[in-house]
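I opened this notebook to record what I looked up in one model.

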Amino acid sequence: MKILVCISHVPDTTSKINFTDNNSRFDPQGVQFIIGPYDDYALARAVELKESSGAAITVLNVGLVDTEPTIRKALAIGADEAVRVNAEPTDSFFVATQIAEYARAKSFDLILMGRESIDYNGGVVHGIVGELLGIPSVSPVMKLDIEGNTAKLAREIEGGKEYLELPLPFVAGCQEPIAEWKIPNMRGIMSARTKPLNVIEPVAVDSGIKPQQFELPPPKGTVKMIAPENVAELVSLLKNEAKVL
Amino acid sequence: MNILVFVESAEGKIKKNSLEAVAYAYAIGGKVTALALGDVGSEELQNLGKYGASSVLHVSDSKFNQGVIQAYATAIAITMQNESADILVISDSSLGTPIAARVAARVGASLATNVVSLPDTSKGFNVKRSIYTGKAFANVELTKTKKVIGIKKNAAEVKEVGSPVSVTPFQVTVPETDFNARITSSEKATGEVLLPEANIVVSGGRGMKGPEHWGMIEDLAKTLGAATGCSKPVSDMGWRPHHEHVGQTGVKVAPQLYIAIGISGAIQHLAGVNSSKCIVVINKDADAPFFKAADYGIVGDAFDVLPKLHEALKAAK
Ligand SMILES: Cc1cc2nc3c(=O)[nH]c(=O)nc-3n(C[C@H](O)[C@H](O)[C@H](O)COP(=O)(O)OP(=O)(O)OC[C@H]3O[C@@H](n4cnc5c(N)ncnc54)[C@H](O)[C@@H]3O)c2cc1C
Ligand SMILES: Nc1ncnc2c1ncn2[C@@H]1O[C@H](COP(=O)(O)O)[C@@H](O)[C@H]1O
């Protein structure tokens, strides 16, 4: 089985977000980058499938050279080879087109991604890739088992779950508890250094999105503290001041 | 300008988020057509006129009773062409967002999801998106003639602006292969207020000590007509189902009121609640980081404060 896992390279979940150049650009200063948390679940499930029934895992990132440590980490976790599409991932449509271009001729049985990136929060790259390749896409997937040429999935829906069956190949946007996050061990880290990381150039795309400006939410006002014996005061504030009851 | 709105339904009723999508489309201005797929009550469909739809198309084919992503995307794309609609509005949801992606790729549209405000058309067509999981916003211009917009909860206010309209039966032919992803069964909490759509959320963390104490949270939620939520460790430990877990890696909520009980307020949790209008925090530790993100706070033991709060709320009703 051939599995493609697409990973984003995103600020650590505890990062404070800032912009520079007149709010036109993300400020990476002091920010630690990680594999997108949902993408990490996708990768972990791919590695589990490889361990249980054998698979070759290619990991792909659309990004500039600074994403390579993140890609190496994915190799250390268990991917066999990596591809970096050498471009700034400006929007979901751009990223998805690069992924589809790469995957088109490679006949992957499974393309796994995260349900969403935690920078762009589009939740759409898997759907666009599915559409461009003419194969099904399912998201958010919380359980994925393969039996021969058929997959059994659970998809999270509002207030519950939906179970599906579908033939390979397809694209899945993954989330927990599909697998346990994996931490690279020493052997993984050593072998990752020599695994192939191929850099390819992007194709041109008119994605129809022009970023204008970024902004931060207005700062939160100060909290009003209420004594525990005065819960009635809280209720009255919620009613009359905040007007949310 | 023709605008198509895909309206989602559950148990024959139009979802509240979809009414927001209709309101959003109406506010853009133009002719608003709503499209519903599968089994939906006819009165529900007619009433879409009240919120701004000038016509309603209904594909009642039972094949569409289940939300199959690919088949829905095809049906919507066909309808968009048929109605010469330039804009498609969808509400972001576990079904809406994946569909929006496929439709946009199919019809060659500019795509923006997680949109939080009405478009600014004073210069081009600009929308504001929530990014970095609620920690920032991006203003983006959608440059193609066709546009697909996925809106986040509260992007538009649902108001009565018209009267019921008649419903036009509609048919679309979708290739069988679009149903390859077959839904075999589903589990769904019934009769509860759904977390992503709730106006009030009562949420508990590890400070609640164990699942046996959730009755207090549920009682409070019931009195308030609220949904219940929890922090990640609570769902990791199996105290509560996964779909209740709020935060960066869980459900992102945007209620009028979020009440957090025994939750420390880790940044990953805050990322899922920072779009709430008003936040109340109850925690026994005065230094819990959640207080910095709160509007109202009580330093106290949940097991002491909750019953009192419940009584006070009942008394105020
Ligand atoms: C990549 C990543 C993603 C994550 N995503 C999420 C996410 O989406 N959502 C999420 O919630 N977390 C997430 N986390 C975990 C997050 O970092 C915190 O560990 C988690 O939110 C803590 O949950 P908690 O507040 O319930 O528990 P704790 O941190 O243990 O806090 C319990 C709180 O309860 C208070 N308390 C104890 N007893 C009482 C009492 N009797 N009465 C009142 N208060 C009491 C304590 O003072 C404390 O503040 C993520 C972590 C990582 C690394
Ligand atoms: N730059 C990127 N390179 C590779 N994969 C990506 C990239 N950005 C997003 N993805 C994948 O697409 C998924 C959905 O992203 P998004 O639609 O941006 O929310 C992510 O969880 C990743 O798996």
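The entries below begin with conventions and then turn to the ligands and to single residues.

**Conventions.** I note that this is a predicted model, in which local features need pLDDT of at least 70 and side-chain atom pairs count only at pLDDT 80 or more, while totals for chains, interfaces and linings use all residues. Residues are numbered from 1 along each chain as its sequence is written, chains are lettered from A and ligands numbered from 1 in the order in which they are written, and side-chain values use heavy atoms, with hydrogens and water left out.

**Ligand 1.** I looked up where this ligand sits and found that ligand 1 lies between chains A and B. I counted a residue as near if one of its heavy atoms lies within 4 Å of the molecule. On that basis 28 residues surround ligand 1, and the closest are Arg206(B), Lys209(B), Ser231(B), Ser264(B) and Gln268(B). By class, the shell around ligand 1 holds seven nonpolar, 15 polar and six charged residues. Here Ala, Val, Leu, Ile, Met, Phe, Trp, Tyr, Cys and Pro count as nonpolar, Asp, Glu, Lys and Arg as charged, and the others, Gly among them, as polar.

I then looked up polar contacts of the ligand (pairs of N or O atoms within 3.5 Å). A nitrogen atom of ligand 1 is 2.8 Å from a polar backbone atom of Val246(B). An oxygen atom of ligand 1 is 2.8 Å from a polar backbone atom of Thr249(B), and a polar side-chain atom of His269(B) lies 2.8 Å from an oxygen atom of ligand 1. Taken alone, ligand 1 exposes 980 Å², of which the protein buries 80%; accessible areas come from the Shrake-Rupley method with a 1.4 Å probe. The elements that give two or more residues to the shell around ligand 1 are α6 (232-236), α7 (267-270) and α8 (302-316) of chain B. Helices are DSSP runs of H or I with at least four residues, strands are runs of E with at least two, and both are numbered from the N terminus.

**Ligand 2.** Which residues come nearest to ligand 2? I found Cys6(A), Asp39(A), Ser117(A), Gly123(A) and Val124(A), out of the 21 residues around ligand 2. Oxygen atoms of ligand 2 make the contacts I noted: 2.7 Å to a polar backbone atom of Cys6(A), 2.8 Å to one of Val124(A), and 3.0 Å to a backbone N or O atom of Gly122(A). Ligand 2 taken alone exposes 490 Å², and the protein buries 97% of that. The shell around ligand 2 has 11 nonpolar, eight polar and two charged residues.

**Cis peptide bonds.** The bond from Ser139(A) to Pro140(A) is cis, with omega near -10 degrees, and Pro140(A) is found in strand β9 (residues 137-147) of chain A. The bond from Leu168(A) to Pro169(A) is also cis, with omega near -5 degrees. Pro169(A) is found in the loop between β11 (160-167) and β12 (170-174) of chain A.

Asp21(A) is not a glycine, yet has a positive phi of about 50 degrees. Is Asp21(A) buried, exposed or partly exposed? I recorded it as partly exposed, because its relative accessibility is 47% and the partly exposed class lies between buried (under 20%) and exposed (over 50%). Lys243(A) has phi near 55 degrees and is exposed, with a relative accessible area of 58%.

Terms used. A polar contact is a pair of N or O atoms within 3.5 Å; within protein, one must be able to donate a hydrogen and the other to accept it, and residues adjacent in sequence count only if both atoms are side-chain atoms. Buried means under 20% relative accessible area, exposed over 50%, partly exposed in between (1.4 Å probe, protein chains only).
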